[in-house]
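Keep the sequence and the structure in view as you read.

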Amino acid sequence: MPSSKNPNVKSSISKHIQKYLNDNNISKLQFGKIFNVTHTTVNRWVNELCVPELELFPALCELLNVTIYEF
C-alpha cells in the first residue's frame, strides 16, 4: 500500500476526488455524507492537508473507480 505521508499520494487522492465531484456534480457535503465525514474533512482531502483514514480507502477506491495503487 502506498504511504499516506507521500505528497504524491495526497495529490493523487485530491485529483481523484475533485474529478469525481466535478464529473458527478456533487458537493463536498454530499461526498462527505457517503463516508460519514464532514465537508470540512473532504475539503482537507482536496486541499492535500490530510488523507482519508485507511479504513475508508477500500470504499473510496470503489466509488472513485481506482485501485489503491493508483493513489
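The largest nonpolar core has 19 residues, and Ile 13, Ile 17, Phe 31, Leu 64 and Phe 71 have the most contacts inside it. A nonpolar core here is a set of buried Ala, Val, Leu, Ile, Met, Phe, Trp, Tyr and Cys residues joined through side-chain atoms within 4.5 Å. Buried means under 20% relative accessible area, exposed means over 50%, and partly exposed lies in between (1.4 Å probe, protein chains only). H1, helix H3 (39–46) and H4 each supply at least two residues of this core, and H1 gives the most, with five residues.

Before going on, please keep in mind that this is a predicted model, in which local features need pLDDT of at least 70, side-chain atom pairs count only at pLDDT 80 or more, and totals for chains, interfaces and linings use all residues. Residues are numbered from 1 along each chain as its sequence is written, and side-chain values use heavy atoms, with hydrogens and water left out.

How is the chain built overall? It has four helices and zero strands, and from the N terminus on the elements run α-α-α-α. Helices (H or I, at least four residues) and strands (E, at least two) are DSSP runs, numbered from the N terminus.

Now turn to helix H4 (residues 57–64), whose buried residues are Phe 57, Leu 60, Cys 61 and Leu 64. They cover an arc of only 100° around the axis, so they sit on the same side of H4; the arc is that of the directions from the helix axis to the C-beta atoms. Pro 58 and Glu 62, on the other side of H4, are exposed. Against which helices do the buried residues of H4 pack? Their partners are helix H1 (7–24) and helix H2 (28–34). Leu 64 is in contact with His 16, Ile 17, Tyr 20, Phe 31 and Phe 71, leaving aside its neighbours within four places in sequence; contact means heavy atoms within 4.5 Å. After H4 comes Asn 65, whose phi is positive, near 60°.

Phe 31 also leads us to the aromatic residues. A search of the whole structure finds three aromatic pairs. One of them joins Phe 31 and Phe 35 in a tilted arrangement, 5.2 Å centre to centre with 50° between the planes. Rings of Phe, Tyr and Trp (its six-membered ring) pair if their centres lie within 6.5 Å; planes under 30 degrees apart count as stacked, over 60 as edge-to-face and the rest as tilted. Phe 31 is buried, with a relative accessible area of 0%, and Phe 35 is buried too, at 8%. Together with Tyr 20, Phe 31 and Phe 35 form one aromatic cluster.

Back in helix H1 you will find Ser 11, which is buried, with a relative accessible area of 16%. Ser 11 and Tyr 69 are 58 residues apart in sequence and 13 Å apart in space, C-alpha to C-alpha.

Finally, step back to the whole chain. Buried residues make up 34% of its 71 residues. Among contacts between residues at least 6 apart in sequence, 57% join residues at least 24 apart. The C-alpha atoms fill a box of roughly 30 × 20 × 20 Å, taken along the principal axes.
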